[in-house]
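Reader: I'm new to this one and would like to talk through its charged pairs. Could you show me the structure?

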Amino acid sequence: MGLDLKALAKKIEKCRLCRLWKSRKKAVPGEGPENAKIMFIGQAPGKQEDATGKPFVGKAGKFLNALLDEIGFDRQKCFITSVVKCFPPKNRPPRADEAMICIKNYLAKQIELVNPKLVVLLGKIAQRYVPDSLLSGRIVLKTAHPAAGMRFPKIRRKMKKDFSLLKKLIKEIS
Ligand code: URA
């Protein structure tokens with residue numbers, strides 16, 4: 001029998017397939033319902049996520065929550081995770097080998113299990129590494145990472161536009 005999301009999360013919590021286990025306090029598998037229609041994929045856990053084991057709970061997460069509030073979408077209804085599940089040292093971007101190992105072993109299975117209709121790729125790392133093969137047959141929205149939107153007004157304005165498109169797409173698939 002295949003794994004469910006909970007069993008997969010347990011595996012992630014003990015994972016040592018790449019070097020990032022050495023820099024983590026807690027792995028961050030992601031959270032949300034198994035039948036979520038929408039999946040958000042970020043880059044990697046940050047400091048707050050590393051401390052709590054929960055995705056997008058730090059400043060970038062608060063900014064993401066505000067964007068979702070603005071379009072009237074309940075975060076509990078979507079599945080939220082990142083390309084890699086462990087905090088990279090000094091918050092550096094994940095490396096290609098780390099991203100590929102983590103996607104192949106975990107994110108691919110999460111996408112398969114949740115089977116979302118709509119996938120939001122938050123930022124360049126998700127857009128670079130999540131392979132098209134995992135996205136075929138799904139609506140894909142590419143937008144900036146909330147950590148960038150939070151800092152730069154120009155990116156923030158673009159993200160707001162992207163989220164109003166997201167609102168329409170959510171209506172279409174509901
Ligand atoms: N940034 C991410 O990409 N993922 C998180 O979980 C938190 C911040």
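Reader: Is Arg-92 buried or exposed?
Author: This is a predicted model, where local features need pLDDT of at least 70, side-chain atom pairs count only at pLDDT 80 or more, and totals for chains, interfaces and linings use all residues. Residues are numbered from 1 along each chain as its sequence is written, and side-chain values use heavy atoms, with hydrogens and water left out. Buried means under 20% relative accessible area, exposed over 50%, and partly exposed in between (1.4 Å probe, protein chains only). Arg-92 comes out at 18%, so the label is buried.

Reader: Which residue forms a salt bridge with Arg-92?
Author: A salt bridge here is a side-chain nitrogen of Lys or Arg within 4 Å of a carboxyl oxygen of Asp or Glu. For Arg-92, the closest N and O atoms are 2.8 Å apart, and the partner is Glu-98.

Reader: What is the relative accessible area of Glu-98?
Author: Glu-98 counts as buried. Its relative accessible area is 0%.

Reader: Which residues are joined into one network?
Author: Salt bridges that share partners do the joining. The network's members are Arg-19, Arg-92, Asp-97 and Glu-98.

Reader: How far apart are N and O in the salt bridge of Arg-19 and Asp-97?
Author: Both ends are partly exposed, Arg-19 with a relative accessible area of 35% and Asp-97 with 33%. Their side chains meet, N to O, at 2.9 Å.

Reader: How many salt bridges does the structure hold?
Author: Another one pairs Glu-31 with Arg-75, at 3.6 Å between the closest N and O atoms. For the whole structure, the count is seven.
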